[in-house]
Amino acid sequence: MLTLTDSEIEKQYFMKDAIKDTLALFNKLEQEQIIVEHRTVIEMPNTHNAMLYMPCLDLKEKLGTIKVISIFPDNPKVNLSTTQGKILITELETGQHKAIIDASYLTRLRTGALSGIATDYLSRKDSRVLGVIGTGGMAFEQVLGILEVRNIEHIYLFNRTFEKVQLFKEKLQDFGINIEISVTQDVQEVVQQSDIINCATRSNEAVFNAKDLKEGTHINGVGSYQPSMREIDINAIKKSSKIVFDDIDGAQTEAGEFIQAEKEGHFSFDNTYGDLQQLVLHKINGREDETETTIFKSVGAAHFDLAVGIGVFKKLFS
């Protein structure tokens, strides 16, 4: 069986590849060539740790994947990644397992690709300032996704732990990102300055005040993935004209701020504007007004992992 490590994948599979393979996935979904099951999340008692299991089949490629991923927030204390995962790739003619590949980088990359695609459709074309709230494990590829689709000239960074945000700035610079980067301890400054805002936190309460949003802001939320979690202000949800999910079914059980907004009568999943597939296939419109507030919420789904897992497999072994 073939194996690939995160470091090997990072050298050969990039954000542009992930975006390309994710866009191709939406056409396969439309043609009913993808079979996907909802992910199973098992939370470990008396901890913040969780195990996730995510299966999917690609009938066109005759390949199937299952991703097993662990989320252990305290791992950095023992010099381990918060998120660790593997993707098993199986061919669907004889059932042989063909490869097992690390999935931590691919999970971050596909999530960044989803935000990049959504941002391309929903943000103002002249967006130049990106605000980043939360600089943990998912945040770096979120920035890369935005830089792939918009000509960003300035990035504002905020994290509750100042040392972490400084290290995040250095990581961006070491990667070769040479645009202006400001580190601030004032989240209000981030929100007031930004055309696009990336939220990637595990917060149980809103991480910004909707009153501080500029007119025409686009927001990406990828951090909260459990009903108890919140990061997007409910008032931002109330004022948004377009809210798009990567997976509406998954969001109804996992997107905490939207679940809470529905309970309080400020939002309804039944009246959701649409999902990312509809947006990409032009079944719903992207941004239509320079002043509207838009939101993309990602909770993840197995078919997105399948897209990048098979993408890597084909690029490196075909």
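**Reading salt bridges in a predicted model**

Q: How many salt bridges does this predicted model hold, and what counts as one?
A: A salt bridge is counted when a side-chain nitrogen of Lys or Arg lies within 4 Å of a carboxyl oxygen of Asp or Glu. By that rule the count here is 21.

Q: Which charged side chains does the protein have, positive and negative?
A: There are 34 positive and 46 negative side chains, and the centres of the two sets are 2 Å apart.

Q: Which parts does the salt bridge between Lys67 and Asp305 tie together?
A: The closest N and O atoms of Lys67 and Asp305 are 2.8 Å apart. Lys67 belongs to strand β5 (residues 63-71) and Asp305 to helix α11 (residues 302-317), so the bridge ties together parts 238 residues apart in sequence.

Q: Is Lys67 buried or exposed?
A: Buried means under 20% relative accessible area. Lys67 has 2%, so it is buried, and Asp305, also at 2%, counts as buried.

Q: Where do Lys242 and Glu292 lie?
A: These two form a salt bridge with closest N and O atoms 3.0 Å apart. Lys242 is in strand β13 (residues 242-245) and Glu292 in the loop between α10 (276-280) and β15 (294-297), so parts 50 residues apart in sequence are tied together. Lys242 is buried at 4%, and Glu292 is buried at 10%.

Q: What are the relative accessible areas of Asp21 and Lys20?
A: Their side chains meet in a salt bridge at 3.0 Å, N to O. Asp21 is buried at 15%, whereas Lys20 is partly exposed at 48%.

Q: Which residues are linked in a network of salt bridges?
A: Lys28, Asp58, Glu61 and Lys314 are linked in this way.

Definitions and conventions: Residues are numbered from 1 along each chain as its sequence is written. This is a predicted model: local features need pLDDT of at least 70, side-chain atom pairs count only at pLDDT 80 or more; totals for chains, interfaces and linings use all residues. Side-chain values use heavy atoms; hydrogens and water are left out. Lys and Arg count as positive and Asp and Glu as negative; His and the chain ends are not counted. The place of a charge is taken as NZ of Lys, CZ of Arg, CG of Asp or CD of Glu. Buried means under 20% relative accessible area, exposed over 50%, partly exposed in between (1.4 Å probe, protein chains only). Helices (H or I, at least four residues) and strands (E, at least two) are DSSP runs, numbered from the N terminus.
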